[in-house]
Structures are given as C-alpha cells and as structure tokens.
Amino acid sequence: MVKLTIDGKNVTVAAGATILEAAATVGIKIPTLCWLQKVSPTGACRVCAVEVEGVDRPMTACNTPVKEGINVTTQSEKLTEIRRKLLELLLVNHPLDCPVCDAGGECDLQDSCFGLGASRQEYSALLEKRPIRYDWKLLESDPNRCILCEKCVKVDHEIVGADAIEVVNRGEATIIDTHDGAPLNCEFCGNCIAACPTGTLISKPFKFRGRPWTFNITKSVCAFCSAGCQIEYHARDGRVERVTSEDDTYNSGNLCINGRFGYSAFNAPERLIIPTVNGAETDWESAVSTAANRLKGIVTAHGPDAAAAIASPRLTNEENFLFQKLMRVAIGTNNIDSEARFGYAPAQALLAKNIGLYGASNPIDRIDTAAAILVFGCDLNAESTAVEYRVIKAATKNDAKLVVANMRDVKLTKYNHGRLKYRPGSEALLVNGLIRAILDAGVEDREFIAKYVSNLDALKESLAGISLSQVAEATGVPEKDIIESARLIAGKSSLAIIFGADAMRSTVSADCIAALGNLALVTGCLGKEAGGLFPIDEKNNAQGMLDMGVAPDSLPGYHAGNAAAVFETAWGAKLPAAPGKDLWQIVEGIEQGSIKALYIAGSDPLAAFPNNRRIRKAFDKLEFLLVQDSFPTESAKMANVVFPASLAPEKSGTFTTLDHRVQCLGKAVNAPGLAREDWDIFAELYGKLAPASVITGPEQILTEIKALSNLYGGECSVVKGRCQGAGKRGFALKEGLSFVPVSAKSADGGDYQLLVGPILYHNGTISGWSANNLTVAPEGYIAIAADDAGRLGIAEGAAIRVTSSAGSMTGPARISKALQKGLLFAPHHFRGLNSNALLEGSANLVTVKVEKG
Amino acid sequence: MSQVVFSSWGRNVVDNRSGGEPKEAQFRLPVTFDGERPLKAFMGWDGLIVFNRDTDVPAMVAEYMKRVQLLYCCGKCTPGKKGTRVLMDALQDIVSGRGSEALLSTIEDLTDLLRNCKCTLCQSATIPVLDAVKHFRDDFLAYISGARKPQPAAYLDKLTAPCMDKCPAHIDIPAYIETIKEYRFNESLSVIRESMPLPSVCGRVCPHPCETACRRKNVDEPISIMVLKRSSSDNEWQRKHEPPMQPKPRKSKKVAVVGAGPAGLACAYYLALEGYPVTIYEALPEGFGGGMIAVGIPPYRMPRHLLQRDIDIIASMGVEMKYGVRVGQDITLEDLKKQYDSVFLAPGAHRSKPMGVEGEDKGYQGYLKGGIDFLREAYMGKPTGMGKKVVVVGGGNTAIDCVRVALREGTEESTLVYRRSRKEMPADVWEVDGADEEGVKFEFQVLPTKVIADDSGKVTGVECVRMALGEPDASGRRRPEPVAGSEFVIECDTVIPAIGQDPELSFIPQGIGIDITKWNTVVTKYIPLKDVAGKDLKDGMGNPLSRVLITDCEGVFAGGDAEIGPLTVVACIGSGHRAARVIQRYLEEGKAYLNEEDLIEDILTNLPVYDKDEQVPWLDTGKRAHQAEVHGRERASLKNYCEVELGFTESQAIREAERCLRCYRVAMVAI
C-alpha cells in the first residue's frame with residue numbers, strides 16, 4: 001500500500017493505482033474528459049492535470065501512478081487556468097451545431113466547458129471542414145465534432161477486438177476513421193457510440209428521434225443471447241427508440257449488435273397485434289375460447305397425451321413455468337419440450353449425471369481472471385458476444401493462455417496461443433487426445449483429482465488404447481499442437497472451459513460432452529474462484545427454461561417424477577405419471593397421429609428447427625395447431641389459432657443467464673395492438689381449461705417457483721434501481737465424482753459437410769425482423785472454402801446449391817478463408833435460406849452434395 | 001566548439017550578432033551538411049543555432065512549426081494537436097504579413113500551455129520557437145510591419161528521439177513502445193521490422209545501447225526497451241500470427257549477399273521487400289544460418305527455433321539461401337560479381353585472435369583454437385576437444401558464453417581469467433552475473449603468461465601473473481601491470497582463448513580493387529564531415545562517421561563486422577539496412593550515395609540527441625520491470641540449453657510501456 005496526500009487529505013491505496021483512482025477513494029473528483037475506466041488510460045485531453053510537489057510540471061492524474069509520500073494538489077488557480085485553456089483549445093473550430101447535434105444534452109464536452117468555465121475563446125486557427133461519413137451503416141461519424149479522446153478506438157480494439165476504426169492523419173487533420181477510409185465494416189456493436197463523449201459517433205437509427213432527456217429510461221435485461229447483459233430501454237410513445245448500457249453494469253456497458261440495435265424488431269411493422277382463428281382476426285375472448293374448446297375436445301376424445309407443447313427460451317421463467325404447469329395440470333400431459341433438445345438439454349443432463357452440474361459452474365465474470373481458457377466448438381462471436389468480450393479481456397489484459405478448438409477459424413483465433421482446427425465429427429476424439437496429452441505430460445490437477453475423483457486409473461485405462469498419433473491422424477490436428485494446447489490449459493491455477501453448439505450439437509455430441517466433463521475433472525477447472533465450465537446457448541433463457549421444468553422428464557428445479565407428490569399437493573392436481581415425449585418424439589407422435597394438438601409459444605419450428613420439411617409435413621397432420629408468437633412466423637401461418645404475444649421490453653418477469661443469474665425485466669412499453677404478455681395469455685387459457693386457477697402475474701408465479709423448485713430463492717438485490725439478480729442455488733462441487741470412460745470415435749462425413757449455425761449479426765430468428773440487423777446482414781449465404789469453390793467453379797456471390805437427405809437450398813456463395821476443405825457453413829437465421837431444413841436431426845452438421853446453383 | 005552568429009543550444013545563449021569578441025557555443029555539428037553545402041542554421045528541441053547571418057529566423061521558425069504540425073504531430077493530445085495548429089497559423093500569419101504583435105504573446109502563452117503535452121514532440125518544438133521570438137523579436141516585427149518578405153530557402157528536417165538515435169539500427173522505439181501500450185503488439189512488431197528484421201534476436205541478446213540514452217533514466221530508471229521488443233516478437237509467434245510483410249513485385253536486377261549473419265540477413269530482407277531477387281551465400285550448412293548469432297550466441301540466450309523462425313520469414317519473402325557454400329572456396333567473388341548486379345559482403349568476424357603467450361603455438365592437446373570456434377563446434381554438435389577443467393581467457397561476451405557453454409557441455413570446472421577487474425569487463429553485466437549464478441569461477445586482474453603441458457603435449461595448466469593498476473599514463477588512464485613475484489598456475493586440461501575476433505577476408509582477391517584496413521576491415525567510401533576545427537568526424541569504432549558502404553570495387557558493397565570491426569548484432573543490422581538502401585539507389589540510379597535522411601541521421605547521432613544532464617520534470621514513480629528468469633545451477637546442467645530469460649508477461653510489458661515518455665523531437669537544418 002502507498003500513502004500520499006491529496007489536497008491535504010491522507011490517502012492510502014494499492015501500489016500501481018493512479019492519482020485519479022487515489023483521489024476518488026477520498027471523494028475528490030478530478031475533472032476528466034478522455035478517461036474511460038474500462039480501457040487503458042489515454043491521457044489525451046490533459047484536463048486531469050494536477051500538481052505534485054517537487055515536480056516542475058503538471059502531471060495527468062489519469063495515468064500517473066501514485067508514489068509514497070507525494071503531496072498532490074488538484075485545485076489551484078494555475079490548474080484552473082490550464083484546464084480552461086485546454087478546453088478553449090478543444091473548442092478551436094469545434095462546430096457550433098449543438099442545437100441539432102444528437103449528443104446535445106448528453107455531451108461531455110458541453111458539461112466540461114460549463115464546469116471548467118471555458119466561456120470565451122482566446123485561440124483561433126484556420127477552419128478546415130472534414131467530410132461527415134454518411135456512408136456508414138448504422139453509425140454516422142462527424143469528425144468535426146471529435147475531440148480525439150480515443151475512447152471509441154480503445155473500446156473497439158481493447159474490448160470488442162474489431163479493429164475497425166483508428167486514429168489517422170497528423171496534426172489538426174487527425175481524425176478517427178477506418179484504416180483505409182472505406183465505409184465502416186465492423187461488428188456494429190455500437191459500443192463506440194456509447195463511449196463517444198460528443199456527437200462525433202452517433203447511431204443512425206436514433207438520429208433525430210428525439211432529445212435524449214425526453215425518453216423514458218427503463219433498466220432491463222437484454223433478451224438476445226444467454227449472457228444477460230444489463231441494458232436500458234429508451235422509449236417514448238410506445239416505441240423503444242434506443243438501447244444503451246451503463247458502464248457500471250455487470251457487462252461494463254458493452255453490448256453487441258443485437259443488444260444495441262436489435263430493438264428495431266420490437267417496432268417491426270410485421271408484429272402480430274390481433275388474435276386470429278383460422279386466419280380471421282378476432283378478439284381475445286373468441287380466440288382463447290376456441291383454443292380451449294379445441295384442446296378440451298381433443299383431450300376428451302384421445303386423452304391428454306394427444307396434446308403436446310413446444311416452449312421457448314425466449315419466454316420468461318414465469319411464462320415457461322406457467323406453460324409447463326398448464327400442460328401438466330390443465331391438460332394433463334408431460335409432452336412439453338423445446339429447441340434445447342437439439343443440444344443444450346441433453347448436454348446439461350449428461351453433465352448433471354456425471355458431475356452434478358446444471359449449466360455453468362461459475363459466474364461468467366470468472367472467465368476474466370482465468371489463467372487459461374479453452375473455447376471448444378464454439379463461435380463465441382456469434383453464440384455469445386458478451387462472453388467473447390470476457391475471453392478477449394482475459395487473453396489480452398490478464399495474461400490468460402487461450403486455446404481455440406474449432407473446425408473453422410473464428411474471431412478468437414487471432415488471440416489464441418493454441419489452435420486446434422479439427423475435422424468435423426472428431427470433437428470427442430480430440431478431447432480424449434487432450435486428456436491423454438495432459439496425463440502423458442503429468443500436468444493433471446492431482447490435488448483436485450485426489451480430493452474429488454475416485455477413478456483416475458479407469459480413465460487412464462480407457463485412454464491407453466489411443467495414441468496421440470492416431471488422434472492427430474483422425475482429427476487432422478498435428479500431434480505437437482495437441483501437446484502444446486494440453487500444456488497451455490493444464491497445470492494452471494485456473495481454467496475456463498467454454499463450449500458451444502459445435503460440441504453440444506456435434507454428430508458425436510454425447511461422447512464429446514462426456515469427454516469435456518472428464519477434461520474438466522482432469523484439469524480441476526471446477527470449484528475454483530476463477531475459471532469453470534461454461535456451456536453456451538445462443539438464446540437468452542435456455543437455462544431458465546430448463547430450470548422451469550420445460551422438459552418431458554423433469555419438473556421445475558429438475559425434480560424427477562418421484563418428487564411429484566410435492567407438486568401435486570401444491571397444485572391440487574394429479575400429475576401424469578409417465579414421462580412425456582421429447583421434441584423428436586412429439587414430431588413422431590404427430591406423424592403417427594397419436595398427437596393431434598400442438599401448442600407452440602415463442603418458437604418457429606418451421607424455420608428455426610432442423611429437418612423442418614419433415615416437421616412441416618407432420619404439422620399438416622395436426623388436428624389443431626395453436627401458435628403464440630409476436631411475428632407472422634412460418635408456423636403461425638399454419639396455425640388454427642394465433643395469439644399475438646409481447647416481446648421482452650413489453651414484459652415483466654425474469655430471465656436466467658447461462659451462469660444462473662436470475663434478472664428481472666423492466667417493462668418499458670406496452671405491447672402493440674392487442675398483443676399480450678405470454679404469461680397473461682397462458683393464464684387466461686389456463687382459466688378456461690381449469691377454471692379454479694387464479695393467476696395474478698409474474699410475481700405470484702415467481703413466488704410459486706421459489707416455493708417448489710428448491711432452486712430459486714431469496715429476494716432480488718437491487719442496486720441503483722437495477723435488479724442484480726434474484727437468488728438461485730449455484731453449483732456445489734461434491735466429492736466422489738467419477739470419470740466416465742469415453743471410447744470416442746471420429747464420425748465420418750462425406751466429401752462435403754454443411755455446418756449450420758449462428759453469425760454475429762443476428763440472434764435466433766427474432767433479429768430477422770429487425771431492420772437494423774438487416775441493414776448489416778440482409779440475407780443468408782452459403783460459405784465455402786476457396787479450394788472447393790475453385791474446384792466447383794463457384795465464384796463469390798454466385799448461386800450455389802447444397803443438398804442433403806433432408807432437403808436442399810440455394811443461396812449466394814461466400815468464399816471463406818475460415819473454412820477447411822470440404823466444409824461449408826450457412827447461417828441459420830434466415831427464413832428465406834432455411835438452412836436448418838438440410839439438417840437431418842439435432843446435429844448441426846450434415847453430409848451434403850454441392851453444385852452450382 | 002563552434003563559432004556561431006547565435007546559439008541557444010543547451011539553454012546556453014551565445015549571441016555574437018552585436019560584434020565584439022566572438023563567444024563560442026557547445027555542440028557537435030559538422031560545418032557542412034554533406035561535405036560540401038555549409039550548414040546555415042540548425043534548430044531543434046534544445047534551441048536554435050544560427051551559423052549564417054543571412055538566416056531568416058522567423059521564416060525558418062514558421063516552416064519548422066508547420067512541419068511539426070502537418071508532418072509529425074500525432075494529434076493524440078489536445079495541446080499538441082490544437083496548440084501547434086494555432087502556433088503554425090500564427091507564425092504563417094506573421095511571415096505572410098497578416099500578423100499582429102499580439103500573436104507574439106499568443107506564442108509565448110501557448111509555449112507555456114504546451115508544457116502539458118502528452119509527449120515531448122510538440123512541447124520540445126516550442127523551445128526554439130520561443131528562443132526565436134525572444135532573441136529575434138525585431139525580425140518578427142519587421143515581418144509584422146510588412147517590411148520583410150520571405151525569401152526561398154532550403155530546409156531539411158528529421159524526427160528523432162534519444163533512444164532511436166542511439167540505436168545503431170535507428171528503430172522507431174517510441175512508436176513500438178506506444179503501440180504496445182495500446183495493446184497492439186502486431187503493429188509494434190511492424191514498426192520494429194521497418195528497421196530490424198530479426199526482432200526475436202534483438203529482443204533477447206541486444207546490448208541495447210538505446211537504454212543508455214533513455215530519458216526515463218533522468219527521472220528514475222530506463223525503459224526496458226529490449227525486452228519490450230521481445231514481447232512484440234514473442235506475441236506474433238505465440239499467438240500464431242502470420243507475418244504481414246508483402247514484398248513489392250519482383251524486379252530483374254539481382255543481388256548476392258556473402259554471409260547469412262545479421263548484416264547479410266538485414267540487407268537481404270530490405271532488398272527483398274523492394275522486390276529484388278537476393279541470394280545469400282553461407283559457408284555453414286543448412287540449419288546453422290544466422291552468422292555470429294548462431295555460432296557465437298548459445299541457445300540458452302537465443303533459442304534456435306526462434307532464430308530460425310526469423311530466418312525462415314526472410315526466406316519466405318523470396319530470399320534464396322545457399323548454405324554450405326564458402327565464397328572464395330566454392331565460388332569466387334569474381335564469379336559473384338559476374339552473376340549478380342551487385343554484391344554485398346557481410347562475412348562477419350569469425351577468426352579468433354591469438355593471445356600472444358608462450359606455448360599457444362605448440363599444438364598442445366587441450367589448447368583450443370578460440371572461443372568462437374569452441375562455441376561453433378559445441379553448437380554444431382562436433383567434438384570440441386574440451387576436458388573437465390576449462391580455463392577461458394577474456395572479458396567479453398564470447399568469453400562468458402564459453403564458460404557457460406563449457407558447463408553445459410559437461411565440464412566440471414569452468415574458470416574465466418581476465419586481466420582487469422569485474423566492473424571493467426566489456427561483457428554485459430547480466431551475462432557475467434548469469435555465469436556467476438551458474439557456478440563459473442572468476443580470476444580477475446590475472447594475466448596468462450604461459451600454457452603448460454605435460455610430456456605428451458597435453459595441457460595441464462596455465463601460468464598466470466596477478467595484475468595491479470599502475471601509475472596514470474599520459475592519457476591519465478591507469479593500465480594494469482604485472483605484480484612481480486605473483487606468478488601462479490591454474491591447473492586445467494583445457495584453455496580457450498576468447499580475447500576477440502577478426503574478420504577473415506582472404507576470400508577477397510588482391511587486385512579486385514577492395515582495400516583492407518590495418519584492423520583487417522573492408523574500406524568503404526564516406527562523406528568527409530569535419531568539425532569546426534577541421535577534424536574528421538568518426539563513429540565509436542574510429543571509422544569515418546558517415547559511410548556509403550560501397551567499396552572501391554564497382555558494384556561491391558560491404559557491411560557488418562567485416563566493415564565496422566567486430567561490434568554488435570544491432571550495429572550489423574543497421575549497417576545491412578543502410579547497405580540495402582544504398583544498393584537500391586545504385587541499382588536504380590546507377591550511383592551509390594547517402595540521401596539527406598541518411599546524412600541527418602549521422603549528424604544527429606554525432607550531436608547526439610540524448611543529454612544525460614537534462615533535468616526531466618516527471619514524477620519518479622515507475623520502477624523498471626524485470627523479466628522472469630530461470631534460476632539455480634540446474635539451468636546450466638549437462639546439455640540444458642533451455643532459455644534462461646523468460647520475457648515479460650503481456651500485462652507486464654504493457655505496464656512497462658506505459659512508463660515511456662515518448663521523447664520524440666524534430667530537428668531542422670537550413671542549408
């Protein structure tokens with residue numbers, strides 16, 4: 001610790017702290033303009049100049065570390081004059097367009113000039129106007145307003161890692177621009193807009209939508225990916241006009257394109273606003289009665305198991321809870337499942353069985369401080385950008401060693417110390433290879449294994465049969481790279497293992513997940529302060545949905561059938577004894593005619609689910625299809641009854657992040673037209689099916705969840721008006737765990753394999769209704785390796801036709817350096833391309849035939 | 001010392017304009033810029049020097065500030081970006097007759113405000129401007145009143161920094177440190193590669209003269225410039241990034257380089273970037289490229305895979321490597337001259353010097369040829385002839401490498417004998433400390449006098465005499481002298497003389513037109529720069545200061561140790577880089593010459609840019625960072641050539657980079 005004096009006050013701070021930080025600890029505020037806590041100090045504006053006794057020049061507080069015994073003065077006539085003159089210099093040729101500047105009213109430069117008394121102008125220079133960049137997408141840049149604080153460049157480089165903008169030119173002509181002057185081509189996260197203290201970088205969709213102080217600001221949670229970033233909705237006249245995130249949030253104010261710009265989906269003209277029955281608009285009473293009567297009729301005629309439901313990771317916990325309760329109690333069937341069936345749910349079940357882990361083992365901020373990180377089969381950039389920001393932070397600021405195992409080159413590749421570019425289908429074998437290399441090198445976590453795991457010998461035995469050279473041969477990863485990566489991740493004080501869709505939806509997913517569980521135990525990555533095991537799902541409430549018992553075989557809180565008595569008592573009803581059908585069994589049931597009624601809420605199986613041509617055919621056989629959604633989805637178009645539902649900013653309730661943070665939504669606007677919150681619709685239908693029930697709202701449902709789940713509990717902690725999370729029981733590491741021997745084989749594909757997955761610019765299919773996202777990524781494409789494109793004579797942008805046993809699609813080709821030979825990739829967000837239709841089952845990879853389109 | 005019209009250099013004002021007894025000013029500048037054109041005036045961070053009474057000081061100052069603002073100001077701080085623009089406009093207004101006297105006050109006011117700049121570039125540029133306004137006020141007033149109009153004048157400028165100037169390769173050190181500070185290691189490495197194609201090497205084994213000229217030393221401790229270079233280099237390798245260099249389209253004229261050492265590799269690298277087909281002829285076999293870096297620096301200091309990576313990168317840029325071809329033996333220099341449009345000689349200095357003691361020429365078994373030969377053989381896995389008790393004679397880095405390698409090759413006792421004291425050793429302090437830690441024995445102030453052998457001709461010891469400092473000689477230096485009666489014998493079975501190397505130039509045929517100096521180095525053409533007393537300006541090795549690197553033989557150039565004399569990797573790289581530039585001019589324009597940039601570079605180096613006595617006002621908070629290191633004797637165990645120094649962690653590198661004061665400054669001459 002270092003002791004010093006600031007303005008006569010004694011201060012004690014840790015060595016390495018800056019004078020600015022030291023001053024803040026005793027409530028002394030030194031003026032700043034370019035300082036931004038979450039990035040490295042810049043020292044550009046110089047207004048934080050302070051005097052240090054014995055030093056014959058002012059020092060800048062933001063980037064000067066403290067020294068024992070120094071005497072600092074932060075306020076003096078001389079300093080006031082320096083600061084005023086510096087601001088006068090900043091104002092030389094600064095445009096006087098404050099009345100029409102988007103930053104007017106929330107401009108740090110205005111505030112600083114006012115605060116530091118810069119009210120006149122002593123200096124002048126020749127005015128040189130610099131062109132305003134109107135040609136950028138989503139953002140606009142007016143360099144004339146720029147004060148060169150570099151916050152945008154630093155956020156772009158240090159946090160996002162996009163490196164899209166930089167400081168260019170010399171002297172007074174210095175501006176922030178793209179490195180080659182071409183229109184901005186970046187991740188369009190808009191974090192630079194948020195960091196900009198003036199009106200230099202502004203949001204195009206927000207421009208001229210109103211003065212900043214005229215909006216109602218509601219603190220809430222982002223409803224796109226599963227990281228649950230804390231946001232603010234700025235709304236007026238029933239519309240969300242922008243989304244921001246304050247720097248003191250869990251996510252440090254950082255968002256991605258979906259979080260910042262995806263809100264335009266909420267305002268989409270396509271929104272469903274009136275209930276329909278057989279395509280005809282009607283009122284709620286008639287729609288709900290029709291639905292209730294049809295459901296009751298089918299149940300009466302064919303039994304409750306003739307009905308089934310598909311819930312959604314987009315719904316709140318309360319809504320999902322109510323939905324499964326409705327199906328179990330009011331209908332009487334366990335036939336409820338969701339898209340989590342394709343990967344997240346079985347992976348979770350497997351890790352629950354092997355390790356006792358349901359979801360992530362630690363909060364995601366423990367990734368920041370992990371000593372090593374393995375990102376396995378996960379394009380974090382697309383699957384959870386907020387988690388990617390943490391990996392970047394760990395690998396660039398906190399010296400974490402990063403290993404990226406991915407069949408494609410992904411953004412994180414540029415930060416990796418170890419790279420495992422494996423053949424599709426060899427995921428499980430690769431993990432086993434890593435474990436083998438760790439054991440060979442003797443860098444397993446012996447202390448952890450001795451305490452928690454009983455059967456290391458069994459694991460060794462199971463791996464004795466494979467050699468690293470075989471693994472190298474089958475995975476396509478050189479043996480030395482496997483050994484290098486093993487040494488990078490093992491034997492460290494902490495390790496984060498992050499895995500995503502390519503692991504959970506691999507063609508060998510069960511083996512892969514079991515092997516990853518073994519890897520977690522071998523490396524001792526569980527139960528430590530830093531690091532952990534982190535499964536990633538693309539959608540916001542996948543974890544919460546499963547917590548709520550949206551699954552055919554588990555009740556809320558993962559209670560199995562033997563706990564039914566508790567629920568039966570609470571709900572005053574007999575629960576169906578037999579487990580229900582899972583998603584693919586539901587599809588089969590429909591095909592076979594045993595399931596006649598289907599209730600879908602917040603999902604569009606016909607666009608977002610794999611093998612959806614099969615599903616479409618099945619739906620043709622349904623007697624009754626009820627769809628509850630916010631958009632005219634493919635499924636809604638086939639529905640007998642459509643309930644128009646709310647989206648996140650129109651709702652109350654909670655979402656659970658992938659790392660078990662249960663956060664309350666803030667309701668910013670009312671749903672458009674007649675659309676209603678999903679819980680409200682469920683409640684009304686529930687009332688019609690089981691008239692005794694009274695459901696008053698999300699709070700009441702949450703109370704019930706807490707009472708029954710044995711998983712959620714306690715009160716929300718609220719800091720500065722923002723919910724920081726309700727209580728949820730976290731992961732508790734238990735002794736007596738076992739390795740599960742995995743005899744992994746490599747799945748063999750054909751000449752060409754298609755990978756279907758998310759891209760950065762969209763999330764699920766909701767962003768497909770967002771004009772902002774569509775500005776940047778308007779349509780689907782099919783990415784192909786340069787080698788393959790050359791061999792097939794396919795040029796960039798030319799039509800390409802890809803066919804699997806399940807279906808085919810034609811789309812524009814995008815020649816990609818990120819792909820290995822024989823691998824194609826298509827984004828799964830676009831209804832037009834419908835790449836999901838080619839997948840044969842849950843796996844996100846399929847053998848295909850490729851030809852010119 | 002020079003006679004001047006006016007000088008404020010070094011904050012010491014000498015004004016001879018009013019006549020009287022001329023006073024002398026202190027600085028080291030040549031009287032001509034290029035051997036012909038006289039220097040009229042010079043201005044920079046430390047003042048203004050006027051040699052010629054006709055110098056138009058306001059016009060020169062206005063031009064200076066214009067260049068600072070338009071060409072050099074990085075725009076990354078308010079006073080620099082805006083302040084120099086206001087200053088530039090004010091000075092332009094004055095010299096174009098639109099100015100008022102109030103502008104002179106604005107200039108003074110801003111000079112004070114610019115003390116708040118982020119770095120020294122703009123701030124130091126105000127110093128000569130303020131000097132001019134103070135001491136040449138009448139000239140400014142003449143412009144303001146319209147009585148004077150600017151006349152055409154020729155100015156040349158250069159951006160420099162003390163560290164950058166001191167570095168023989170003139171790497172833009174402040175830029176590569178600043179980019180590290182900004183978490184941009186790749187960009188940092190690109191900056192380094194503009195002047196240094198072997199970054200992994202000079203990030204590890206450079207004697208880093210730059211750090212002796214680091215202004216941060218005037219505040220607390222110098223920046224760890226060398227290890228920061230390693231950080232950038234390691235980052236590319238560790239994160240598996242492809243080097244970004246893209247050579248220009250292939251040209252037709254071809255260049256041969258003799259020697260794959262630092263000078264040869266550097267010359268090949270920069271010519272390859274320009275698109276020239278280059279072939280390097282290396283006497284050693286494949287896998288042993290790198291010249292003295294490979295054979296003279298053991299792998300525990302310079303891991304071979306990283307040296308090889310740097311060489312492979314150069315080869316991947318289209319440079320052809322012909323290993324195992326000794327010029328003069330397998331191919332003649334004349335042949336090279338015929339086959340190539342230009343030849344660059346960079347054979348290095350690989351011939352061990354004799355000790356000059358009794359018994360060294362007797363062919364005793366155990367008396368080895370020389371330190372550099374020992375290191376080469378050990379490295380190449382050949383038998384070295386070393387036994388169990390080794391005595392190495394010498395005080396340089398090669399001697400230290402020998403005692404440390406001897407341990408790793410399995411000797412039981414490794415002793416270093418040096419005739420002066422420990423602190424006088426030319427070897428780097430950290431190398432001596434390293435040897436100490438590994439268990440090397442030292443005999444300081446001891447002079448070997450005789451190699452002793454038994455009847456069978458095997459070395460059994462070396463006779464030595466103790467030395468003491470004698471009376472000061474004419475130069476005032478106290479030379480070590482033998483102490484009578486202090487003779488003693490160090491028992492050993494191996495003696496390795498490591499007292500220095502000479503270039504081996506026998507491959508250069510007599511009569512080809514290439515002269516050799518008495519120190520056995522190649523003679524190259526130079527610019528006759530003289531000081532005011534008429535003395536030739538020299539570099540630190542006694543060579544002419546400003547050399548063109550072309551020999552008297554048409555199309556043949558020379559550099560590196562064979563031209564400079566045995567020096568350092570970084571000096572050879574600087575030499576190879578300059579040779580590449582000169583060769584390019586020769587190939588494209590038919591004449592080899594130094595351009596204005598090269599000339600100012602040499603003039604500034606002679607000045608020099610760093611001033612150890614400068615008072616640098618800054619808070620002395622930052623202790624220099626130290627890289628992690630493997631400790632203990634095991635690190636020198638048998639065949640353990642694992643790297644001893646481990647570099648910075650990246651966060652450590654960034655913290656260290658944040659200490660940099662970015663001491664850029666702009667010099668300008670009027671000629």
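User: How many bridges join strand β13 of chain B to β20(B), and do these strands run parallel or antiparallel?
Analyst: The model is predicted, so to speak of local features a pLDDT of at least 70 is needed, side-chain atom pairs count only at pLDDT 80 or more, and totals for chains, interfaces and linings use all residues. Residues are numbered from 1 along each chain as its sequence is written, and chains are lettered from A and ligands numbered from 1 in the order in which they are written. Strand β13 (residues 389-393) of chain B is joined to β20(B) by 4 bridges, and the two run parallel. Strands pair if DSSP finds at least two bridges between them; strands (E, at least two residues) and helices (H or I, at least four) are DSSP runs numbered from the N terminus.

User: Which residue stands opposite B:Ile496?
Analyst: B:Val392 stands opposite B:Ile496 in β20(B).

User: Which way do the residues of β20 of chain B point?
Analyst: In β20 (residues 494-497), B:Thr494 and B:Ile496 point one way, B:Val495 and B:Pro497 point the other way, and all are buried. A residue is buried if 20 or more other C-beta atoms lie within 10 Å of its own, exposed if 12 or fewer, and partly exposed in between, with C-beta atoms placed from the backbone.

User: Now chain A. What share of chain A counts as buried?
Analyst: Of its 853 residues, 61% count as buried. The secondary structure of chain A comes to 28 helices and 36 strands. Its radius of gyration, taken over C-alpha atoms, is 28 Å, close to the 29 Å from the globule rule, so chain A is as compact as a globular protein of that length. The globule rule is 2.2 Å times the number of residues to the power 0.38.

User: Which domains does chain A have?
Analyst: The assignment gives domain 1 (2-75), domain 2 (293-338 + 550-631 + 663-714), domain 3 (344-535) and domain 4 (752-852). Such bounds come from an automatic or database domain assignment.

User: What separates the centres of domain 2 and domain 4 of chain A, and how many residues does each give to the contact?
Analyst: Taken over C-alpha atoms, the centres are 32 Å apart. Domain 2 of chain A gives 10 residues to the contact and domain 4 of chain A gives 13. Residues are in contact if their C-beta atoms, placed from the backbone, lie within 7 Å. On the side of domain 2 that touches domain 4, α23(A) has the largest share, 3 residues.

Terms used
Contact = placed C-beta atoms within 7 Å.
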